[in-house]
Amino acid sequence: RMRGIVWALAMAGSVGVIIGYRAGPVLYYIASPFYFLIKALFAIQSCRFFFESRRTGALELLCCTPLTMQTLVRGQWLALRRIFFWPVFVLIVGEIIAQAFGSAIPQTPNASMDLLGIFGVGRQIINSIADFFAIGWMGMWLALSLKKPSFAPGLTVLYGLILPAIAFCVPTLAID
């Protein structure tokens with residue numbers, strides 16, 4: 001089900017930004033809610049394996065095998081990539097296509113607005129990719145280190161998405 005939900009969000013986001021390509025420099029605000037929801041699902045999924053393994057005692061069994069923690073973490077990243085890579089890629093491509101349409105059809109004689117839109121979309125894409133890596137590592141770490149691993153998904157969403165959004169909302173809006 002997770003894959004279907006992520007694909008639905010990515011497709012809705014791509015269609016939304018392509019339809020709203022005339023928005024120009026604020027195009028990346030259209031994609032922001034979709035990125036946020038996909039990142040929240042990513043945070044929950046990044047915690048899930050280690051949380052479930054600790055809850056059922058399977059992590060202790062895995063630690064007794066010749067598998068290293070590096071192998072377990074690599075497997076978790078592969079599972080996350082299998083679920084989230086292509087939907088996020090589709091959302092990014094949709095955003096790039098929408099920005100290309102917005103730049104190709106000039107709405108204002110001011111070229112700096114197109115440059116601002118390109119900068120905003122590029123910044124959104126780079127920040128989102130960095131967020132996925134940070135959320136993935138934070139989720140796995142919290143799921144392994146908390147005394148109550150059931151708090152890991154909520155804390156990952158709080159620490160990795162909500163608090164940074166609140167802390168940087170005013171400066172980001174001022175810069176934009």
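## About the model

What you see is a predicted model, in which local features need pLDDT of at least 70 and side-chain atom pairs count only at pLDDT 80 or more, while totals for chains, interfaces and linings use all residues. Residues are numbered from 1 along each chain as its sequence is written, and side-chain values use heavy atoms, with hydrogens and water left out.

## The overall fold

Let's start with the big picture. The chain has 6 helices and 0 strands. Read from the N terminus, its elements follow the order α-α-α-α-α-α. Both kinds of element are DSSP runs numbered from the N terminus: helices are H or I with at least four residues, and strands are E with at least two.

Of the 176 residues in the chain, 36% count as buried. Here, buried means under 20% relative accessible area, exposed means over 50%, and partly exposed is in between (1.4 Å probe, protein chains only). The chain exposes about 10100 Å², and 74% of that comes from carbon and sulfur atoms. Such areas come from the Shrake-Rupley method with a 1.4 Å probe; for residues, only the protein chains shown count as cover.

Contacts, meaning heavy atoms within 4.5 Å, also tell us about the fold. Among the contacts with a separation of 6 or more, 79% are between residues 24 or more positions apart.

## The nonpolar core

In soluble globular proteins, nonpolar side chains tend to be buried together. A nonpolar core is a set of buried Ala, Val, Leu, Ile, Met, Phe, Trp, Tyr and Cys residues joined through side-chain atoms within 4.5 Å. The largest one in this structure has 36 residues, and Ile38, Phe42, Phe50 and Phe84 have the most contacts inside it. Two or more residues come from each of helix 1 (2-19), helix 2 (27-56), helix 4 (69-104), helix 5 (111-145) and helix 6 (152-175). Helix 4 gives the most, with 10 residues.

Take a closer look at Phe42. Leaving aside residues up to four places away in sequence, Phe42 touches Trp77, Leu80, Phe84, Phe132, Ile135 and Gly136. Now find Gln45, which sits in helix 2. Gln45 counts as buried because its relative accessibility is 13%. With the neighbours up to four places away in sequence again set aside, Gln45 touches Met2, Gln76, Leu80, Ile83 and Phe84.

## Charged pairs

Side chains of opposite charge can pair when their charged atoms come close. A salt bridge is a side-chain nitrogen of Lys or Arg within 4 Å of a carboxyl oxygen of Asp or Glu. The whole structure holds 2 salt bridges. One joins the side chains of Lys39 and Asp131, at 2.7 Å from N to O. This pair links distant parts of the chain, since Lys39 is in helix 2 and Asp131 is in helix 5, 92 residues apart. Lys39 is buried, at 9% relative accessibility, whereas Asp131 is partly exposed, at 27%.

Glu52 and Arg55 also form a salt bridge, with their closest N and O atoms 2.7 Å apart. Both residues lie in helix 2, 3 residues apart, about one turn of the helix. Glu52 is partly exposed, with a relative accessible area of 29%, and Arg55 is exposed, at 55%.

## Cysteines

How many disulfides does the structure hold? There are 0, where a disulfide is a pair of cysteine sulfur atoms within 2.5 Å. Cys47 is buried, with a relative accessible area of 0%, but Cys64 is exposed, with 70%.
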